[in-house]
Amino acid sequence: MVKKRKLGRGVAIVGAGMSKFGMFKDKDSKDLFTEAFNEMTASVNKGIDPNDIDALYLGNFSNDFFMHQSHWGPIIADIIGTVPKPATRTEGACASSALAFREGIFAIASGFYDIVLVGGLEEMSKRTTEEVAEGLALATVPYEGRAGFTFPGVFGAIATAYFEKYGANREHLMNVTIKSHNNAPLNPKAQFKLTIRDMMNVKVESAKKKGLPVTEWIDEKDFLRDPRANPVVAWPMHLYDCCPISDGASCMLLVAEEIAKNFTDAPIYVAGIGQGSGRGLHACKDFTYFEATRYAAQEAYGMSNLKPEDIQFAEVHDCFSIAELLHIEDLGFFEPGEGYKAVADGLTRLNGTKPINTSGGLKCKGHPVGATGISQLYEVWTQLRGKAGKRQVPIDDLRVGGAHNLGGTGGTCTFTILERR
Amino acid sequence: MQERPFSDISYEQFLNEERLMGSRCTQCNALYVPPRPICVECHRGDMSWEEMTGKGKLSAFTCIAIGPSFMIAEGYHRKNPYCSGVVELEEGARVDARIEGVDPKNPETIKIGLPLSVKFLHRKEDESLKTYLAFRPS
């Protein structure tokens, strides 16, 4: 049983921004963060003077490795003009900025600060695919690396265990991919803006133009089954089961609840937060759930007095298609072993009973690892304010959403519940 | 043997000697492979070394087409994938290992529950001997 926790005082989000996610030759980390920061300040409708920001918490996994530059806290504080206010970097692999968000919450809840900027960034695309894979593999546990496991490899092994235990198969993973690709074109910030059907048409047209033999696929699954279109990366993970290499930045302005209305007419409140930790695959009792997610979820539900059925929609950490199935079960949206059936039945689609990854998820929105946690919260914030445009969740009175972020192979997991009052 | 600390370095030394070793808590009997110096089950016990029989079964696996540089150096690539897995030892603990003697190009033929026996892969790296833990069908 996880201890029931509460904040010393409430915290509200009064502004948020994120850069476009993608592979950018002509933009660096500072440019991307500037993009996110400018959108954030513009979103605070009663205005924010950056001089009033008390501190910055910034999530970054490994620009050290990717860009050969560390110590990003003060670099970013300098470009946004908050120096000499404190700037602190947090690292939790792919959950780095969810940790920055939590530090910002604690700093305000303790009464020490009133106005805190939290953010995240990662710049990965200037490295080769092999180098990025090596960089990401720094966040597996040592025994896994020595056995030849890569990141997709660990999730591939998890998938084989899930298939064995619950009778699912590759076709069920395809449902996750197709759903993410259907949401992404509706998100102007997403890295991939094509549905699987669009991709098929593009490939057919391109082959016709080049005078090459044209492959006609019957439907999306037929395309995803074709090893030429969707090659194996780490069985059963194929190319379309894996998130891309991305650059991007995200940020949010947090303030004490009692002053929230000074900044915006539409504050979004932090209802529950949770964080857990986990071990390497070999030390897990069962490979079909993440202990860290279950702990984080219990903490967040306990704090918010909310239940899984109260969460109207959520962003979950779909670094690989199989991961989305585990998360929607671990967060209690579906019973263990029922997640893949729920996805197959369309329950997690934009118009389903529990929309998941309306942003397109990591798979299609992109996954600049250090920026991901706050970009998920950005999506929830956007939806709760009714500003998600064509991908707006079609539920009347949308009030409560969740964001789940995972670092490494489940070593760090967070769950955050936001609400509109 | 009793002198060695319950560490990754000792674990690797034992692998060099073709011994798969774990640590067992003298209080609560919990078994750890690789060894742990602290019992995370009871937080009370001292540890003692225990040698595994090297027999087990496959509990999860993957066949990797795009591997890390040291696997590429061994000749693995997109058209020549390799298998990595988690093996449940007959003593109950689980270890990450390379899986040999299976067909990674046809992963559908590899079944969870497959009985396996340990194999020690010795490699010379930077003038020192390094041993990778592997298993193959019994």
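In this predicted model, the C-alpha centres of domain 1 and domain 2 of chain B lie 22 Å apart. Domain 1 of chain B spans residues 8-51, and domain 2 of chain B covers residues 55-137. Where these domains meet, nine residues come from domain 1 of chain B and ten residues from domain 2 of chain B. On the side of domain 1 that touches domain 2, the elements of chain B that give two or more residues are helix H1 (8-16) and strand E2 (31-32). H1(B) gives the most to that side, with three residues. By class, the side of domain 1 of chain B that touches domain 2 of chain B holds five nonpolar, two polar and two charged residues.

From the division within chain B, the description moves to the contact between the chains. Chain B contributes 26 residues to this contact, and chain A contributes 25 residues. Several elements of chain B each supply at least two residues of the side that touches chain A: strand E4 (55-64), helix H2 (69-72), strand E5 (82-89), strand E6 (94-99) and strand E8 (128-137). Of the elements of chain B, E4(B) gives the most to this side, with six residues. In terms of class, the residues on the side of chain B that touches chain A comprise 17 nonpolar, six polar and three charged.

E4(B) also takes part in strand pairing with the other chain. Strand E5 (residues 232-235) of chain A is joined to E4(B) by two bridges, and the two strands run antiparallel. Ala234(A) stands opposite Ile64(B), a residue of E4(B).

The largest nonpolar core has 163 residues, and the members that touch the most others are Val118(A), Ile158(A), Cys251(A), Met252(A), Leu254(A) and Ile322(A). Helix H7 (residues 151-166) of chain A provides the largest share of this core, nine residues. Because domain 1 (8-51) and domain 2 (55-137) of chain B both give residues to this core, the core lies between them.

Cys251(A) illustrates the surroundings of one such member. With its neighbours within four places in sequence left aside, Cys251(A) is in contact with Ala16(A), Gly17(A), Ala36(A), Phe37(A), Met40(A), Leu117(A), Val118(A), Gly119(A) and Ile374(A).

Note on methods: Residues numbered from 1 in each chain as written. Chains lettered and ligands numbered in written order. Predicted model: local features only at pLDDT ≥ 70, side-chain atom pairs only at ≥ 80, totals over all residues. Contact = placed C-beta atoms within 7 Å. Helix = DSSP H or I, 4+ residues; strand = E, 2+ residues; numbered from the N terminus. Nonpolar A, V, L, I, M, F, W, Y, C, P; charged D, E, K, R; others polar. Pairing = 2+ DSSP bridges. Core = buried A, V, L, I, M, F, W, Y, C linked by C-beta atoms within 7 Å. Buried ≥ 20, exposed ≤ 12 C-beta atoms within 10 Å, placed from the backbone. Domains from an automatic or database assignment.
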